[in-house]
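Welcome to a short tour of a protein model. Open your viewer, get ready to select residues, and follow along one stop at a time.

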Amino acid sequence: MYIPNKKLAPLLLPINKQISILKKGGRGTLIMVKNAFIPIISQEKKKEENPGSVEFQVVNFTNKIRRLTSHLELHRKDYLSQRGLRKILGKRQRLLSYLSKKNGIRYKKLINRLDIRESQIR
């Protein structure tokens, strides 16, 4: 996040975030937010919840995708992370395709719960 004036930095960010201020030339201040809020879907701890189930795996992949996306907003030229993100997106897409073919009701519930778009290709 680029803020033109160093004195305004504490006023523009919420108090609960840890920040580190990095100088950028003499024209402004570059601020890096360390503990930024990344929305992570909570997984209910049920005894019946199987870590190998399709829903569980899709939720984990979605959390990883959101983390990597926020990382890539800061580090645009991190090409290895971009490759990892594409691989995870492909894995999640294959799992969602499998679930939609096997059980459409569970697929719809999962899509709505995770707030992700429905696949165009099945």
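Which residues line the second largest pocket? Before you look, keep in mind that this is a predicted model.

**Stop 1: the pocket**

Select R92, Q93, L96, I116, R117, E118, S119 and Q120, and you have the lining of the second largest pocket on screen. The volume of this pocket is about 200 Å³.

**Stop 2: helices α2 and α3**

Now select residues 54–74, which form helix α2, and residues 79–102, which form helix α3. The angle between α2 and α3 is about 155°, and their axes lie 9 Å apart. An angle over 145 degrees counts as roughly antiparallel, so α2 and α3 are roughly antiparallel to each other. Their crossing is left-handed.

To see where the two helices touch, show side chains. On the α2 side, pick V54, E55, Q57, V58, F61, T62, K64, I65, L68, T69, H71 and L72. Their partners in α3 are S81, Q82, G84, L85, I88, L89, K91, R92, L95, L96, Y98 and L99. Sorted by class, this contact of α2 with α3 has 13 nonpolar, seven polar and four charged residues.

**Stop 3: helices α2 and α4**

Select E55, V58, V59, T62 and R66 in α2, then R106, L110, R113 and L114 in α4, to display the contact. By class, the contact of α2 with α4 consists of four nonpolar, one polar and four charged residues.

**Stop 4: helices α3 and α4**

Finally, show α3 together with α4. Their axes are 6 Å apart, and the packing angle is about 135°. That makes α3 oblique to α4. Select L96, L99, S100 and K102 of α3 with G104, R106, Y107, L110 and I111 of α4 to see the contact. The residues of the contact of α3 with α4 comprise five nonpolar, two polar and two charged.

Notes
Residues are numbered from 1 along each chain as its sequence is written. This is a predicted model: local features need pLDDT of at least 70, side-chain atom pairs count only at pLDDT 80 or more; totals for chains, interfaces and linings use all residues. Side-chain values use heavy atoms; hydrogens and water are left out. On a 1 Å grid over the protein atoms alone, a cavity is a set of points where a 1.4 Å probe fits but cannot get out, and a pocket is an open set with protein on both sides within 12 Å along at least five of seven lines; lining residues have an atom within 4 Å of a point. Grid points are joined across faces, edges and corners, and a volume is the space filled by probe spheres set on the points. Axes are lines fitted to C-alpha atoms, for helices over the stretch in contact, and angles run from 0 to 180 degrees between N-to-C directions. Helices (H or I, at least four residues) and strands (E, at least two) are DSSP runs, numbered from the N terminus. Contact means heavy atoms within 4.5 Å. Ala, Val, Leu, Ile, Met, Phe, Trp, Tyr, Cys and Pro count as nonpolar, Asp, Glu, Lys and Arg as charged, and the others, Gly among them, as polar. Angles under 35 degrees count as roughly parallel, over 145 as roughly antiparallel, 65 to 115 as roughly perpendicular and the rest as oblique. A crossing is left-handed if the near helix is turned anticlockwise from the far one by less than a right angle, and right-handed if clockwise.
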